[in-house]
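Subject: Structure for your files

Hello,

Here is the structure I promised to pass on. Please keep it with the notes that come after it.

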Amino acid sequence: MSWLTAAFRVSALLAVAAVLGWYYGHPLWAVSGTLVALVVHWLFQMRRVQFWLQDPEQPPPEIYGIWGDLLSRIYQQQKKGREAQARLQSTIDYLQDSFASMRDGVAIVDHHGVLKWFNDPAAQLLSLRSADAGQTLMNLVRAPEFLRYFNLGDFSEPLLYRTAGDAGTWLRVEITRFGDGDRLLFIRDVTAEVRMENVRKEFVANVSHELRTPLTVISGYLGTFLSDPGGLGPRYLKPLQQMLQQALRMENLLKDLLWLSRIEGEQGLEKHTPIDMGALLSELLDELRTARPERKIELELATDYKVPGDYRELYSAVSNLLWNALKYSKEGSAVKVKWERKNGSYQLTVTDQGIGIDAMHIPRLTERFYRVEDSRSSATGGTGLGLAIVKHVAATHGASLQIESKVGQGSTFRLVFPDRGQVVGAQRPSASVA
């Protein structure tokens, strides 16, 4: 029933009351009595509605007219809401049952940081109790690394940290946002993987260190023999030269392995020493100019921003990039180096006009010993560890390595450093070194 119909009925009732009252000589009393009866009727219906709203799970009372229509609509809306809530609760129960059966820890935190739910593995890994639900997660997990990661809000990469205590459990935490700012936490115990990786690193470092001494002795004796080629028979000269070449190559390989192990061992440590990239690049170019005087290198310094980090590591990374650019580019072509602020970050770009790299190889270039072609590394004397060193140096400095390349046109390697609020000085003019 619409309100127009109800209004029409009330008007008709009042009109009939007025006619009857006029007929009996008391129209005002008749209309007033009818209005009072209507008010009493509506108050009675409102009382029934109020009693029903106190227990809306029950069917609504049978009321006719506009009140009955209103109750019917309210009841239908409540029924739909209960059905939607039941479906939502069923979905939540299903997800919670699924998460509860997982071996990894799972926790749900709302947008205020309040812990809403967690499964048994999460309770064990984070030392939680059932009574902790409803409390702020920051008050329950005290690890500084976790607090910094959670408050920063950048969950693009998982967090790996070690818990306090003698056990020293290593946990990896991944956080995903959902809903209205709520967060879903996945916690995994990766202690076994971390220990295995440490064993591997120690093995590589120990083996590399133990092999250096015998290789140095072998190279020394071979160098002594070859210093007097006249005393050697022709049949021994070439084999000895090849042996010395391979021994030196092995020494370079061990040197890179030891250096990579050192960098990996320091990963996660904060570096605060400001490094003048302009001075570092100038020193490196002086070294390259001495070693390869025939090559042209163009250097452009557009900022004097100092990178918080380790000078030796940064020098090693940039040196690898420049040596690669010289090795794999044509004689007479220029290698361009640029240090600038761009897109809110500081970027070191090395561009060559070399043979280029097929796109299918780019994702694997920073893997250890990965080679686009075996003949390429053999011809250039590379160890296959240069870009792996660059990637790890970038990671220890909070930077990223970006690679762009086209076959036959050349390659661009870019180290992108975040802006950590260091003081940026005046712009410098570009310089070219031939």
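The notes below cover a strand residue, a helix and some aromatic pairs.

This is a predicted model, with local features needing pLDDT of at least 70, side-chain atom pairs counted only at pLDDT 80 or more, and totals for chains, interfaces and linings using all residues. Residues are numbered from 1 along each chain as its sequence is written, and side-chain values use heavy atoms, with hydrogens and water left out.

Helices (H or I, at least four residues) and strands (E, at least two) are DSSP runs, numbered from the N terminus. Buried means under 20% relative accessible area, exposed over 50% and partly exposed in between, with a 1.4 Å probe and protein chains only.

Phe-413 lies in strand E12, residues 410–418, and is buried at 8% relative accessibility. Beyond its neighbours within four places in sequence, its contacts (heavy atoms within 4.5 Å) include Leu-321, Leu-348 and Ile-403.

Helix H9 runs over residues 311–327. Of its 17 residues, 13 are buried, so H9 is largely enclosed by the rest of the structure.

Rings of Phe, Tyr and Trp (its six-membered ring) pair if their centres lie within 6.5 Å; planes under 30 degrees apart are stacked, over 60 edge-to-face, and the rest tilted. The count by this rule is eight aromatic pairs. Trp-339 and Phe-417 have ring centres 5.9 Å apart and planes at 80°, so they are edge-to-face. Trp-339 is in strand E9 (residues 334–342) and Phe-417 in E12, so the pair ties together parts 78 residues apart in sequence. Trp-339 is buried at 0% relative accessibility, and Phe-417 is buried at 2%.

Regards

Notes
The expected span of a helix is 1.5 Å times one less than its number of residues.
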